[in-house]
Amino acid sequence: MHDRSHAPASWRIALPHSAAAVPVARALVRTALAELEHPADSDTAELLTAELVANAVEHTSGETPIELVVELMPTGCQVEVHDPDPAPPGDLTRPGVEPPDPWQEYGRGLLLIRALSSSCGHRPTGSGKAVWFRLPAVPAQRRPPA
């Protein structure tokens, strides 16, 4: 019997370079996890995806679409957001040298990602950069019965 929840699956979707991309990205991640009955925490995945997409839209200029890449593995999920700006994101991987200003929108989203993901980072791509996070699969006994 083929259990499709353990097959790796990935989606790659171009999103508009505007705030409208955020709810689209959230819905996409929620749908992807639900469709495959994936064991990662959907609420956290949605929240962190929204932060990544909002940051990409807000901190990169131009009309170039951003791309959302969702990869689902048996061990968890990885979400990447590709944007056209090669500059690395502010606080994502730099250890906090000075405490971020809590009133500054930007630093807070990335701190949230660092706090809630199992790992996160960024890498250069041919056209800019990709910022990513991973979430572990939640063991079945901690999930409410379907």
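At 11% relative accessibility, S117 counts as buried (under 20% relative accessible area with a 1.4 Å probe and protein chains only; over 50% is exposed, and in between is partly exposed). The model here is predicted: local features need pLDDT of at least 70 and side-chain atom pairs count only at pLDDT 80 or more, while totals for chains, interfaces and linings use all residues. Residues are numbered from 1 along each chain as its sequence is written, and side-chain values use heavy atoms, with hydrogens and water left out.

S117 sits in the loop that links helix 3 (105-116) to strand 4 (119-125). Helices (H or I, at least four residues) and strands (E, at least two) are DSSP runs, numbered from the N terminus.

What does S117 touch once its neighbours within four places in sequence are left aside? The list is L48, F133, R134 and L135, where contact means heavy atoms within 4.5 Å. L135 is 18 residues away along the chain, yet the two C-alpha atoms are separated by 5.3 Å.

Pairing here requires at least two bridges found by DSSP between the strands.

Strands 4 and 5 make a hairpin with 2 residues between them. Along it, H122 has V131 as its bridge partner in strand 5, and S119 has R134.

## The D83 and K129 pair

Buried or exposed: how do D83 and K129 count? D83 is buried at 4% relative accessibility, and K129 is buried as well, at 6%.

The two side chains find backbone partners. D83 reaches the backbone nitrogen of D85 at 2.8 Å, whereas K129 reaches the backbone oxygen of A87 at 3.0 Å. Leaving aside neighbours within four places in sequence, D83 is in contact with A56, T60, I66, S127, G128 and K129. With the same exclusion, the contacts of K129 include T60, D83, D85, A87 and R123, along with prolines such as P86 and P88.

## The core and helix 2

The largest nonpolar core has 29 residues, and V53, I66, L68 and F133 have the most contacts inside it. Such a core is a set of buried Ala, Val, Leu, Ile, Met, Phe, Trp, Tyr and Cys residues joined through side-chain atoms within 4.5 Å. Helix 1 (21-35), helix 2, strand 2 (66-73), strand 3, helix 3 and strand 5 each give two or more residues to it, with helix 2 giving the most, at 7. F133 is in contact with A45, L48, T49 and L52, among others, and also with S117, leaving aside neighbours within four places in sequence.

Buried residues of helix 2 include T44, A45, L48, L52, V53 and A56. Helix 2 (residues 42-59) has 18 residues and should span 26 Å at 1.5 Å a residue, which agrees with its end C-alpha atoms being 26 Å apart; the expected span is 1.5 Å times one less than the number of residues.

## The whole chain

Stepping back, the protein has 3 helices and 5 strands, in the order β-α-α-β-β-α-β-β. Of its 146 residues, 40% count as buried. Among contacts between residues at least 6 apart in sequence, 67% join residues at least 24 apart.

The protein exposes about 8300 Å², with carbon and sulfur atoms supplying 57% of it; accessible areas come from the Shrake-Rupley method with a 1.4 Å probe, and for residues only the protein chains shown count as cover.

Conventions: Polar contact = N/O pair within 3.5 Å; in protein donor to acceptor, adjacent residues only side chain to side chain.
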